[in-house]
Amino acid sequence: RFSIILNGEIYNYRELRRDLESGGRRFRTGSDTEVLLNAYAEWGIDCLQRLNGMFAFAIWDDSDKELLLVRDRAGIKPLYYALAGLGLAFASEIKAILATKLVAPEIDLEALNQCLTFLWPVPPHTLFKGISQLLPGHLLRVRDGVTTVEQWWDLDYSAEESGGNGSDWAELVLETLDRVTKLEMVADVPLGAFLSGGVDSSLLVALMSRHSKQKISTYTTGISAGDLSFDIIPDDVKWSRRVAELLPVDYHETILTPDVADLLPKLVWHQEAPIIDMAIPTYLISEQARRTQTVMLSGMGGDEVFAGYPRQMAMHIARVTDLVPTAVRRPLMRTIERVLPGGGSSRLTAPMRNAKKFARSASADFEGRYLGYGTYFTNAMKQGLYSADLGPSMGGFDAYRYHRDHLAHARDWSPLNRLLYLDFKTFMPALNMDTTDKQAMAVNLEVRTPYLNKEIVELSQRIPAGLKLAGLKRKYVLKLAAESLLPREVIWRRKAGFGAPIRSWLRGPLRPLIDDLLSPDRVRRRGLFQAEAVGRVISDFESGREDFSLHLFQLLTLEMWFELFID
């Protein structure tokens, strides 16, 4: 009666199998796929609440003639679909849907507007017209020719507790993370871990070492000294080496020196969208790890669950500016934004860029302030960028509408939990998880994320917000939890992002690509943007007037996307 396709892993499948066997069900294999199919046959849609894993799956009920598509809580595994004239096409990759010829490759203009704003399309949109993402924690049902989409799981920060001290919560966090790490290490193939030297990955490796009889293979990427001179983040390699000295690991390190001009089209092909800088090290480190490993554990999700991003801190600090009268604050912030340099090649690039973003957004209300921190091309910049033919139709799109819906849903929660909810619904699945899964799976490497395990996410809903962001200390309760396993210098060090030296590469090996793909003639033929406006983005970046590196990289890889998928 039932047939299934599963992409992903059901971590608690052994426990579910025991429950099903006690009820009389018998199994022919040892796979989690067979357990999931029997769980659905036994419990129906209620089986979803029992699942602990990362998954996208389809179940066909041949008796009721019903198709069910389901995506995991955090959106770790992708799932796309298109409603076409002959029915429904669905897949883990957009390329598979395009291959059916049921949908023609055409750009979704609202998604383009979102991409320029955030660097990624906001779910359920993709950059392809007529092809949607199934949202995390949602299911799609097709029966009697009718298609419906509904939510089967959601974050709920109304469970936030006010009692308990930091030590008690830290102990519970460590106990839970230890348990889920052991659970996610179950594999019948070689298994390793990505190690950045930050608290998330370092703590994960320390816990993995507890449960492994052999050294954990770890993989780290670094940035060359020359490229670092233009970059805005500190290099993590020295911290990864420090952790590797402390823990019993088989340490592997790669310094990024790719032929980036040849590599980019490949990454855009796998991403099926313009890429961000983290796609490059993700692909390269996955390619290296795949030589010896099949499954990797990653610290992805720790920032979204425990509040680790600078913009969350900026929101905390910005409340001080609210003490200044609006009539004074707004012109003051506009002046600061205008006079501060935004680019260059000094170590001040990062604080100057962030200070300009802070000044641009600090005078807005709570929602506008946070959305401003995540904005790259502002509405005014986009209107100046669009061609005369495109501009009028693009003016009707609101890039922030889904964000505002999420914030409205979370209106009764603490300010920090509202931000965590928004990032969990948008930024995390649409950017971090999407990039990680696609670039790792491009080399047939499976990546598991214990910080997004069902048990950790449910625990995080209960932890008081003041223990996630405590004063100026981000991920406070997680760092407290790590103190029993890692030295303080590793735990409490300055956070570094996971990216590539885009600023350096745009001035070096990618400069000929800019001249080619973003030339005035090419831009005019494409018809989306004004050639003069694109030229100003290039010149402002090269002169150091503005740090438009990610803006420029977006325009460059967008043109690659057009060549690969539309042309």
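The crossing of α5 and α6 is right-handed (the near helix is turned clockwise from the far one by less than a right angle; left-handed if anticlockwise). This is a predicted model, where local features need pLDDT of at least 70, side-chain atom pairs count only at pLDDT 80 or more, and totals for chains, interfaces and linings use all residues. Residues are numbered from 1 along each chain as its sequence is written, and side-chain values use heavy atoms, leaving out hydrogens and water.

**Helix packing**
- Helix α5 (residues 166-184) and helix α6 (residues 199-210) pack at about 65 degrees, with axes 9 Å apart (axes are lines fitted to C-alpha atoms over the stretch in contact, and angles run from 0 to 180 degrees between N-to-C directions; helices are DSSP runs of H or I, at least four residues).
- On the α5 side, Leu 174, Leu 177, Asp 178 and Thr 181 make the contact (heavy atoms within 4.5 Å).
- From α6 come Leu 203, Leu 204, Leu 207, Met 208 and Arg 210.

**Aromatic pairs**
- The whole structure has 18 aromatic pairs (ring centres within 6.5 Å, using the six-membered ring of Trp; planes under 30 degrees apart are stacked, over 60 edge-to-face, the rest tilted).
- Phe 128 and Trp 561 are edge-to-face, because their centres sit 5.1 Å apart with planes at 65 degrees.
- Those two are 433 residues apart.

**Ser 298**
- Ser 298 is buried at 6% relative accessibility (under 20% relative accessible area is buried, over 50% exposed, in between partly exposed; 1.4 Å probe, protein chains only).
- Beyond neighbours within four places in sequence, the contacts of Ser 298 include Phe 194, Leu 204 and Arg 448.
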